[in-house]
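Please have the sequence and the structure open while reading.

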Amino acid sequence: MEKQQEAAETIRRLVWGFFLSAAIFSVFLASVLALVRRRPWCTCAICRAYVTSSWSASFPNLADYYTHLLRNSPTRTIHVHVLNSTITANPSNVEHILRTRFDIYPKGPAFSAILGDLLGRGIFNADGDMWHFQRKLSLRVFSVSALRTFCSLEINSVLRQRLLPLLRLHRASPLSPFDLQSAFRRFTIDAVSAVALGLDPESHSTLLSAFSDAFEVAATLSAARAASPAPFIWRVKRLLCLGTERCLRKEILRVDAFAHRIIGCRRLLPKGQDLLSRFMASVDDDDYLRDIIVSFFLAGRDTVASALAGIFHLLLRYPAAVTAIRQEIVDRAVSADGDGGVVASWDQLREMSYVHAVVHEGMRLFPPIQFDSKFCAEDDVLPDGTFVRKGKRVTYHAYAMGRMEEEWGEDYGEFRPERWLRDGVFSPESPFKYPVFQGGQRQCVGKELAIMVMKAVVVAVIGEFDVELVDGKKTARFLPGLTATLQGGLPVTLCRRRLDGGVG
Ligand code: HEM
């Protein structure tokens with residue numbers, strides 16, 4: 001009997017040993033294969049320049065280096081082997097990955113690994129049914145009728161009560177330049193809080209700033225993972241909770257805590273038309289609501305602020321465009337309110353083709369999301385003939401695409417809003433040539449809202465103030481992050497105008 005038991009124990013150990021060794025061997029094999037695919041040792045010129053950052057001797061930003069490479073590639077497609085990524089600026093390829101073969105280009109596991117800890121199951125990180133559900137509900141919040149009624153009222157009130165009073169405080173003080181980029185950031189936090197969370201930015205300012213600060217650090221640390229040529233380093237640090245990964249974990253816990261407090265605050269208020277109220281009506285899992293909030297915060301907050309900073313960085317170098325905006329304000333009969341604020345109604349904004357063109361032209365040269373990657377789920381061939389192996393990242397580069405001569409003409413480097421107008425009427429471009437809001441099935445759901453907000457800000461600021469850049473010759477340099485942020489901000493001086501054209 002004892003012998004039988006011993007034999008059974010030996011067999012059990014052998015079976016366990018076999019499975020354990022097989023598991024270790026599979027993990028080892030998978031790691032070797034992943035490493036072989038990524039080719040971290042690649043020494044081709046592009047990979048070497050990326051790994052050693054030698055591109056920075058000739059280009060102000062990595063995006064400018066990629067633009068140079070893409071312009072010189074006959075197919076407008078390049079490969080960065082150390083990132084396991086194919087990068088394209090070819091509109092046919094972009095249409096292929098975003099629309100035609102949307103089914104085989106999901107966000108994929110790499111994106112999920114990088115941003116999953118912060119975004120959880122939120123729309124930005126979701127594929128399949130979970131994505132469908134969130135997309136359907138959010139489209140209702142951003143429908144044309146909701147934009148005209150709820151959203152435009154909320155935005156105008158945030159403009160009147162938050163952004164304009166802040167700018168007025170800093171007018172006519174040339175000795176103390178004012179950072180317009182950070183004012184735009186504060187404004188968009190307030191605007192997203194009002195529209196997406198249904199919270200009054202004034203009365204909940206402490207909670208919203210704390211949430212926003214924790215979110216910002218967590219988003220920056222998450223983005224740093226994506227730039228790493230050796231992802232196993234951050235994965236090991238994450239496993240052992242070391243260094244930046246330790247900080248990230250701490251910040252995500254703060255984001256969680258503040259998000260749950262926001263949900264609690266919203267529950268105490270009457271139901272509204274805001275996004276959080278709508279989701280609360282169908283979701284009773286607070287952790288899921290937390291994920292939804294975080295995705296919308298990421299989507300709306302930095303993108304709009306970044307776009308506005310880029311638009312003003314360009315606009316203030318082109319006085320003729322400023323004059324044309326002021327003419328359109330007069331033509332559309334937008335008059336100053338009691339405080340001297342030039343806040344246009346939704347209908348007036350809709351009629352403003354030139355301002356519409358200014359916003360699009362600004363984002364052509366400075367798209368807030370400079371590039372975006374998809375994961376190739378099966379072997380594929382792009383329309384330009386590029387073979388893409390299953391498991392590879394395919395990135396479309398919106399920044400480079402806005403700077404291609406064959407698409408935009410010889411003056412592609414100039415800020416010229418008129419290129420968007422035919423007989424004075426705005427004429428849109430294909431989203432695959434201009435994928436600033438992405439295109440196809442996952443096009444940005446906040447696009448119309450974002451455009452309306454940016455137009456309202458351009459009209460209000462240019463209508464009420466004379467704005468001058470402190471250093472009009474400075475080249476734009478961007479900080480690393482998920483959205484483009486101008487290094488050093490956007491320092492300006494402000495003078496209040498009188499509507500007769502004088503300075504108040
Ligand atoms: C200038 C401002 C904006 C730009 C340039 C922009 C751009 C983009 C881009 C490129 C994507 C695709 C990202 C990806 O799939 O990885 C996206 C998705 C999205 N955007 Fe925006 N966005 C802006 C403003 C907003 C605003 C204000 C909101 C709402 C508050 C918003 C909500 C979303 C959502 C929910 C998605 C995910 C859509 C999906 O996956 O189905 N965006 N946006």
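The text below covers the overall chain, then its helix pairs, then its sheets.

## Overall chain

This is a predicted model, in which local features need pLDDT of at least 70 and side-chain atom pairs count only at pLDDT 80 or more, while totals for chains, interfaces and linings use all residues. Residues are numbered from 1 along each chain as its sequence is written.

The chain contains 19 helices and 13 strands. Helices (H or I, at least four residues) and strands (E, at least two) are DSSP runs, numbered from the N terminus. The C-alpha trace spans about 105 × 60 × 45 Å along its principal axes.

## Helix pairs

Axes are lines fitted to C-alpha atoms, for helices over the stretch in contact, and angles run from 0 to 180 degrees between N-to-C directions.

| Helix pair | Axis distance | Angle |
|---|---|---|
| α7 (residues 144–169) and α8 (residues 180–197) | within 9 Å | roughly 150 degrees |
| α12 (residues 275–282) and α13 (residues 286–315) | within 11 Å | roughly 155 degrees |
| α14 (residues 319–331) and α16 (residues 353–365) | 8 Å | about 145 degrees |

Given their crossing angle, α7 and α8 are roughly antiparallel to each other. Angles under 35 degrees count as roughly parallel, over 145 as roughly antiparallel, 65 to 115 as roughly perpendicular and the rest as oblique. α7 passes α8 in a right-handed crossing. A crossing is right-handed if the near helix is turned clockwise from the far one by less than a right angle, and left-handed if anticlockwise.

Which residues of α7 and α8 meet? From α7 they are C151, E154, I155, V158, R162, L163, L166 and L167, and from α8 they are A183, F187, D190, A191, A194 and V195. The residues of this contact of α7 with α8 divide into 11 nonpolar, no polar and three charged. Two residues are in contact if their C-beta atoms, placed from the backbone, lie within 7 Å. Ala, Val, Leu, Ile, Met, Phe, Trp, Tyr, Cys and Pro count as nonpolar, Asp, Glu, Lys and Arg as charged, and the others, Gly among them, as polar.

α12 and α13 are also roughly antiparallel to each other, and α12 passes α13 in a right-handed crossing. Here L275, L276, F279 and M280 of α12 meet L289, I292, I293 and F296 of α13. This contact of α12 with α13 has eight nonpolar residues, no polar and no charged.

In the remaining pair of the table, α14 packs against α16 at about 145 degrees. A321, A324, I325 and E328 of α14 make the contact with Y354, V355 and V358 of α16. Its residues divide into six nonpolar, no polar and one charged.

## Sheets

Strands of a sheet pair through backbone hydrogen bonds, either parallel or antiparallel. Two strands count as paired if DSSP finds at least two bridges between them.

β1 and β2 (residues 85–88) run antiparallel and are joined by four bridges; I78 stands opposite I87 in β2.

Another open sheet has three strands in the order β3-β13-β10, with antiparallel pairing. β3 (178–179) and β10 (465–469) stand at the edges with a single partner strand each, so one side of each is left without a neighbour in the sheet. Five bridges join β10 to the antiparallel strand β13 (residues 491–496). The bridge partner of L469 in β13 is V492.
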